Amino acid sequence: MSVRRSVLMAGLLLCGGAQADEDWLGGFALASQEATRLQATPLNDDNFLAIPKKKTTLAGLLEGRFHDLTWRARFEVRHSDIDGQRSASSATLQELNRVFQLTPAVTLSLGKRLYALDPSFVNQPLGFLQKRTDLSDPLDELGQSEGLPMAVLGWTGSQASLTAIYSKDAARHADGYNRGVEQSIIKFGYEFERLSASVLLRRASGESSGIGATLSGAVGERLSWYGSAYSARGTQRPIAGAVLSGGDGTAPAFQRSDDGRRYQRATVGLTYTLPDLPKLQLEYAYDGRGMSDGQFDRWLALIDRNQTLPLPDSARKGVQAQAAQMLVSQGARQRYVSISLGQTVGYWELGGGIYAGQDDRSAVWHGTADYHYSPRTTLMLSALHQTGDARSERGLSPLGRVVAVRVRHLF
């Protein structure tokens, strides 16, 4: 038995006796079976991206608190149908953080953690330190979110607050987004009677200083609304050089952090709740870092050109894999609308919605159905389905449909 698998078993055994510790927060054990239908796309001929069509997962999450120290760790064993039934395991320390109460109004937090700056649910222009939304698991019920190493110094008054944050994710390779980034943030917030507002300044490695803001509030007891925006000169979000310049298609992914352009992103949304009716959540997002119509046309031409290059098959798959990197979970274009509904029916919690691209009319449909067998045991069903024209963003995605059945038991 591998060391990682031994750690998983030890962690799960620990769950049984950990409840006697008064500082214990909880955890869960999870068994999952996923089935994926792949789409025919030049970005993944013969599944060279090695996306498993079937995957079985056993996972355990442990989290605890000892005085002012909090921690969270996740252990996982996976078995898939890739490379002749491949197995793998992992153990991740997702959070380990200590809070120091310097004065009644001033705290200092040191360690690895998540820190939410954005009130949005799906798109988060200010989500530099928080979980990136996964449409197949929007509430992170699988406990996959991982924090970043950071120091947070905060002052809180009766209505105003001031926070200084420094984060450096040096141990991880930079992914062009929030991982592997060194960043400093100063945030000022103010709480009105039915309105929350904040302004922040951010400096990240490879980018010029950016400025962002949030607003959120409520109208009566049923309607709440929110909005956030961010603007910075340069972005680390990668893009193929040929998409920017219209070159010969052999240019590698290009970081735009020094291109001199200013990129804006913004989100507005609302949540509406009525008795005995599904809870409605509506959100609109604009992301200037995504591909414009002209850039998307050049990206399509790049994909076509890669198919005709006089290259060995392995090299051609490599350049197509570079093109496939443009497809990110929250979208490679600029304008999106998210609509979701949620309702409790007896022991069932039902949810679902659509994440639609306004630039090419492609969409991601997603749904969940959780049955609470007992206060601690839940049967979880989920499905994700992508639709769109063959030359649209979602139509070119390797993923067509993902269906999962899971059982989760809380400790």
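# Notebook: pockets, cavities and a few residues

I began with the lining of the second largest pocket and sorted its residues by class, which gave 11 nonpolar, 18 polar and 8 charged residues. The model I am reading is a predicted one, and I keep that in mind for every entry below.

**Entry 1, the second largest pocket.** I looked up its volume, and the space in this pocket comes to about 900 Å³. I then listed the lining, which holds 37 residues, and noted that Pro138, Leu139, Gln281, Ser340 and Thr368 are the ones nearest the centre of the pocket. Next I asked which strands supply at least two residues each to this lining, and I found β15 (279–287), β16 (335–345), β17 (348–357), β18 (363–372) and β19 (377–387). Of the contributors, β16 gives the most, with 6 residues.

For the largest cavity I noted a volume of about 440 Å³. Its lining is made up of 32 residues, and those nearest its centre are Gln124, Arg265, Asp287, Arg289 and Gln330. When I sorted this lining by class, I had 10 nonpolar, 13 polar and 9 charged residues. Two strands, β14 (262–272) and β15, each supply at least two residues of the lining of the largest cavity; I had already written down β15 as a strand that supplies at least two residues to the lining of the second largest pocket.

Along the principal axes, the C-alpha atoms fill a box of roughly 65 × 50 × 45 Å. I noted an accessible surface of about 20,500 Å², with 59% of it belonging to carbon and sulfur atoms, and I noted as well that 42% of the 411 residues count as buried. Among contacts with a separation of 6 or more, 55% are between residues 24 or more positions apart.

Asn47, which is not a glycine, has a positive phi of about 55°, and I placed Asn47 in the loop between β1 (24–38) and β2 (54–66). Is Asn47 buried or exposed? Its relative accessibility is 18%, and because the cut-off for buried is under 20%, Asn47 counts as buried.

Asp140 also is not a glycine and has a positive phi of about 55°, and I found Asp140 in the loop between β5 (106–113) and β6 (148–156). With a relative accessible area of 17%, Asp140 is buried.

I then took the distance from Arg305 to Gln320, which lies 15 residues apart from it along the chain, and the C-alpha atoms of the two are separated by 9.8 Å.

Terms used: Residues numbered from 1 in each chain as written. Predicted model: local features only at pLDDT ≥ 70, side-chain atom pairs only at ≥ 80, totals over all residues. Heavy atoms only, no water. 1 Å grid on protein atoms, 1.4 Å probe; cavity = no way out; pocket = protein on both sides within 12 Å on 5 of 7 lines; lining within 4 Å. Points joined across faces, edges and corners; volume = space filled by probe spheres on them. Helix = DSSP H or I, 4+ residues; strand = E, 2+ residues; numbered from the N terminus. Nonpolar A, V, L, I, M, F, W, Y, C, P; charged D, E, K, R; others polar. Buried < 20%, exposed > 50% of the residue type's maximum accessible area, 1.4 Å probe, protein only. Contact = heavy atoms within 4.5 Å. Areas by Shrake-Rupley, 256 points an atom, 1.4 Å probe, with all protein chains shown as cover.
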